[in-house]
Amino acid sequence: MPVSEAEALREELERGVLFTKVEQMLGWVVSQSRANAIWPLGFGLACCAIEMMAIIGPRFDVSRFGAEVMRASPRQADLMIVAGRVSIKMAPVLRQLYDQMPDPKWVISMGACASCGGVFNNYAIVQGVDKIVPVDVYVPGCPPRPEALIHGIIKLQEKILASRVELGPFVPRRRKGVA
């Protein structure tokens, strides 16, 4: 006979029964699917783009994170990887592509040039891509190694899993012929 409520719950869990709310279970499923199926939009502008391309190959195999295909259209992507220096002329294009991405969307700033302008402290280079789009993860380096970008993707996955999923109201549909 269990003595306390905690022991009774422990016995039920040992039998393989789990009690939860539907909203919590759906939130867990949605956050897992978002974190483990990231579809990146490669926005390679300079030497960092070569390192970004390397993660797709067999040596680094980013497909184990569900991000193996760089999407060609922003409407198919939920992660923008800004790799390299962003010029003033390219900033509106970057913002337009970001606006075309569906929600939820995330941004990784890859390299010193994208993060803070790098060694290009002049009028032609944006001194940090966070002045144009909100950045979720910064990957430091000049250029950063592919392992650093993979670490950034893992940190983004952790951030996605820790975020709260907003689900709309559940409205059951009535079947035809049922009164």
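Cys-116 counts as partly exposed, because its relative accessibility is 46% and that class lies between buried, under 20% relative accessible area, and exposed, over 50% (1.4 Å probe, protein chains only). The model is a predicted one, in which local features need pLDDT of at least 70 and side-chain atom pairs count only at pLDDT 80 or more, while totals for chains, interfaces and linings use all residues. Residues are numbered from 1 along each chain as its sequence is written, and side-chain values use heavy atoms, with hydrogens and water left out.

**Cysteines**
- The structure holds zero disulfides, a disulfide being a pair of cysteine sulfur atoms within 2.5 Å.
- Cys-48 is in no disulfide, its nearest cysteine sulfur being that of Cys-47 at 4.9 Å, and Cys-116 is likewise in none, with the sulfur of Cys-113 nearest at 7.8 Å.
- With a relative accessibility of 4%, Cys-48 counts as buried.

**Helix H6**
- Helix H6 (residues 146–162) has 17 residues and reaches 24 Å from its first C-alpha to its last, close to the expected 24 Å, which is 1.5 Å times one less than the number of residues.
- Pro-146, Leu-149, Ile-150, Gly-152, Ile-153, Leu-156, Gln-157 and Ile-160 of H6 are buried.
- These residues lie on the same side of H6, because they cover an arc of only 155° around the axis, taken from the directions from the helix axis to the C-beta atoms.
- The buried residues of H6 pack against elements including helix H2 (22–35) and strand S3 (106–110), where contact means heavy atoms within 4.5 Å.

**Strands S1 and S2**
- Strand S1 (residues 40–44) pairs with strand S2 (residues 79–83) in the parallel sense over five bridges, where pairing requires that DSSP finds at least two bridges; helices (H or I, at least four residues) and strands (E, at least two) are DSSP runs, numbered from the N terminus.
- The chain crosses from S1 through helix H3 (residues 48–54) to S2 in a left-handed β-α-β crossover, whereas a right-handed one runs clockwise from the first strand over the helix to the second, with the strands pointing away from the viewer.
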